[in-house]
Amino acid sequence: MVSLFKALKKYFFSGIAAILPLFLTLYIIVWILLFFDRLTGKLVNPFLLRKFGFSVPGLGLVVTILAVVIVGILYTYFIGKRLYSFIEKLFLRIPFVSAIYPSLKQLSDFLFRHDKMNNFKKVVLVEYPSRDLYAIGFITNENLKELTQKTGSELISVFLPFPPSPFSGLLVLVPKDKITELDISIDEALKFIVSGGVVQPKSKKPS
């Protein structure tokens, strides 16, 4: 009876592990569709109902994506940068907003700005926080002339993300001869960090 209970318990948790990611993924997708339908779909679907007698489920998400693309084009090629800079400076002058906005902007840049991600040049291994303990990091600058002259050692800046969130971390200056370069991509390293070391990083070179 005890062995049967253990087996059922094992299969139950195996089932949870298999179903939960699928369920949460579908739930998030449905929630996003419903959210944007309520947000922007209600502006378009009533027009379709009046003119053509039908509405389109999920149209709000499509409208939102198109609007974001248009904003991106305006920001990149037209007056968007000046207007955005003006609004940003205005936000930074508002007491409560100025405490929230910079962190959210850093998070947004990290997630969606490819040019920001390019600041991560290489994946490396450094001894941290003490000897014989290692942390995965990303080289962000290899040309620290002033610091190198002051210390007499060729220093390189390395960003060490904190799992499970790579959006925050620690900047350390490490002598070049103390850095071990890894043959894995930045994406693979981020997956490894976010998963807490569960996801095995794959080499960029085929084995």
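Predicted model: local features only at pLDDT ≥ 70, side-chain atom pairs only at ≥ 80, totals over all residues.
Is Leu 147 buried, exposed or partly exposed? I looked it up: Leu 147 has 35% relative accessibility, so it counts as partly exposed (buried is under 20% relative accessible area, exposed over 50%, partly exposed in between, with a 1.4 Å probe and protein chains only).

Residues are numbered from 1 along each chain as its sequence is written, and side-chain values use heavy atoms, with hydrogens and water left out.

Next I checked where Leu 147 sits, and found it in helix H6, residues 145–151 (helices are DSSP runs of H or I, at least four residues, and strands are E runs of at least two, numbered from the N terminus). Leaving out residues up to four places away in sequence, Leu 147 touches Leu 155 and Leu 173 (contact means heavy atoms within 4.5 Å). Leu 173 is 26 residues from Leu 147 along the chain, and I get 9.2 Å between their C-alpha atoms.

Then I moved on to H7, residues 186–194, which holds Glu 188. Glu 188 counts as buried because its relative accessibility is 15%. After H7 comes Gly 196, with a positive phi near 70 degrees.

Last, the whole chain: I count seven helices and five strands, and 21% of the 207 residues are buried.
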